[in-house]
Amino acid sequence: MIRTLVVTAALALSVSLSTTALAQDYKVAVANLIDTEIRDWAQSDEVIDAIKSQNKISATLSQADIDRQDKQWRDEVKGGDRTMINSVLTNDLSNYLQGVKTSSHGKYTEIFVMDMMGLNVGQSDVTSDYWQGDEDKWQLTYGAGPKGVLIKDVDFDESTQTYQSQVSVAIVDPQSGKAIGAVTVGVNVEMLE
């Protein structure tokens, strides 16, 4: 009985250590992806210019305005009129992000860019809500300043049928060095090297 408990405990520790090692491996691979790919296209003129342009408008919004826009977006996601969603999905930044996603050959499952208030600026796919400002993906990146990065745990994504990690990174104005927004990227961890 004692031998069985020792073997079981050793096996559990081994599984726990290998799970931890795998978790660390994907986090290292994702951090490498941020440094070698994501920051390059996320700091492009297309992204910076679109965020700066929307920040001028967003700076004038009250929380009530933001809540109204978020409610309209959520209502449109449920069905019917998609005027607001379509205006974002067809803008220049969204077209750029859709191209980045396509050229990743499945490595990126979704991409969306947020402004200084956490509102969507552009996206490759429809998000469930318009305002991300109340979520970690914005608060722990834009809110943390120019070096803000968040690598979420791996989850199985039903919509894409992949194991993915959501990775969020602050977007930095190259002129001022200050965070002006953030980007979230769904990364298919099965495609990481």
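Colleague: Which residues does Trp-73 touch, leaving out those up to four places away in sequence?
Modeller: Keep in mind that this is a predicted model. Trp-73 is found in helix H3, and at 0% relative accessibility it counts as buried. Setting aside residues up to four places away, its contacts are Met-84, Ile-85, Val-88, Asn-120, Gln-123, Val-126, Thr-127, Ser-128, Asp-129 and Tyr-130.

Colleague: How far apart are the C-alpha atoms of Trp-73 and Trp-131?
Modeller: Along the chain, Trp-73 and Trp-131 are 58 residues apart.

Colleague: Within what arc do the buried residues of H3 fall?
Modeller: The buried residues in H3 are Ile-66, Asp-70, Trp-73 and Glu-76. They line one face of the helix, because, looking down the axis of H3, they fall within an arc of 125 degrees.

Colleague: And why would residues three or four places apart point the same way?
Modeller: It comes down to the geometry of the α-helix. Residues three or four places apart point the same way because the number of residues a turn is 3.6.

Colleague: What do the buried residues of H3 pack against?
Modeller: Arg-68 and Lys-78 are on the other side of H3 and are exposed. The buried residues, in contrast, have packing partners: helix H4 (83-89) and strand S2 (120-123).

Colleague: How far apart are the end C-alpha atoms of H5?
Modeller: H5 runs over 92-103. Its 12 residues should span 16 Å at 1.5 Å a residue. The model agrees with that, the end C-alpha atoms being 17 Å apart.

Colleague: Which residues of H5 are exposed on the side away from the buried ones?
Modeller: Start with the buried set, which is Leu-93, Ser-94, Leu-97 and Val-100. Those residues fall within an arc of 115 degrees seen down the axis of H5, so they line one face. On the other side, the exposed residues are Asp-92, Thr-102 and Ser-103.

Colleague: At the start of H5, which residue's side-chain oxygen reaches the backbone nitrogen of Leu-93?
Modeller: The oxygen gets to within 3.1 Å of that nitrogen. The side chain it belongs to is that of Asn-91.

Colleague: Which residues does Ser-94 touch, again not counting those up to four places away?
Modeller: Ser-94 lies in helix H5 and counts as buried, at 0% relative accessibility. Its contacts are Val-88, Leu-89, Gly-122 and Gln-123.

Colleague: Is His-105 buried or exposed?
Modeller: His-105 sits in the loop between helix H5 and strand S1 (108-114). Its phi is positive, near 55 degrees, in a residue other than glycine. At 67% relative accessibility, His-105 counts as exposed.

Colleague: What is the angle between the planes of Trp-138 and Tyr-142?
Modeller: Trp-138 is buried, with 13% relative accessible area, while Tyr-142 is partly exposed at 21%. Their rings form an aromatic pair 5.0 Å centre to centre. The pair is stacked, and the angle between the planes is 20 degrees.

Definitions and conventions:
Residues are numbered from 1 along each chain as its sequence is written. This is a predicted model: local features need pLDDT of at least 70, side-chain atom pairs count only at pLDDT 80 or more; totals for chains, interfaces and linings use all residues. Side-chain values use heavy atoms; hydrogens and water are left out. Buried means under 20% relative accessible area, exposed over 50%, partly exposed in between (1.4 Å probe, protein chains only). Helices (H or I, at least four residues) and strands (E, at least two) are DSSP runs, numbered from the N terminus. The arc is that of the directions from the helix axis to the C-beta atoms. Contact means heavy atoms within 4.5 Å. The expected span of a helix is 1.5 Å times one less than its number of residues. A polar contact is a pair of N or O atoms within 3.5 Å; within protein, one must be able to donate a hydrogen and the other to accept it, and residues adjacent in sequence count only if both atoms are side-chain atoms. Rings of Phe, Tyr and Trp (its six-membered ring) pair if their centres lie within 6.5 Å; planes under 30 degrees apart count as stacked, over 60 as edge-to-face and the rest as tilted.
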